[in-house]
Amino acid sequence: MSEAKRFYFDIEGRDDQALKEGFTWLLGEALGSRGVVAVPGLGQVENLVPGITAAEATTLKKEKRVQRLGTTIELVTERAGGPAAIAGKPILAVWVDDDQLEKIERKRPSAICVIPWLRSDIERWRDAYAPTDMRSGEAAVGKSAITNPVVERALE
């Protein structure tokens, strides 16, 4: 399996435009197939509007999946888990933290895009993976303690 593509929004707090852009990204990555949206708990699903419609949020919360443009978006929460739902699929991780991202990364999604609540919530993940900022196109600067690039690549 190839290395997952990783993206994030360099934001703090609620950002309705990031939700719209995040779901557009997810639909583009999963086009005609399956994608996953991860939130810490079911209580956050209705807050995904305007990334999805209110009706889609209701369906997603109730049925744990929703159809849009021929694409199935599956819901994963920390409590409900969903390892099978994540493996090999693109995932939009909304308002998750480093510990939740670590669990998601272990399931090897094909691509991941993170919308944090606080920048500090995803600091370890950003440092470890140097994801691309969705708005600037710049890679986050990781904090690697390894200075030899050959050794760093071998450890990856």
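Select E102 and R106 to begin: they stand 4 residues apart in helix 4 (residues 98-106), which means that about one helical turn separates them. Helices (H or I, at least four residues) and strands (E, at least two) are DSSP runs, numbered from the N terminus. The model is predicted, so local features need pLDDT of at least 70 and side-chain atom pairs count only at pLDDT 80 or more, while totals for chains, interfaces and linings use all residues. Residues are numbered from 1 along each chain as its sequence is written, and side-chain values use heavy atoms, with hydrogens and water left out.

E102 and R106 form a salt bridge, their closest N and O atoms lying 2.8 Å apart; the term stands for a side-chain nitrogen of Lys or Arg within 4 Å of a carboxyl oxygen of Asp or Glu. E102 is partly exposed at a relative accessible area of 40%, whereas R106, at 55%, is exposed (buried is under 20% relative accessible area, exposed over 50%, partly exposed in between, with a 1.4 Å probe and protein chains only).

R124 is partly exposed, at 47% relative accessibility.

Next, select R68 and E56, whose side chains meet in a salt bridge of 2.7 Å, N to O. This pair links distant parts of the chain, with R68 in strand 3 (residues 65-68) and E56 in helix 2 (residues 54-63), 12 residues apart. Both R68 and E56 are buried.
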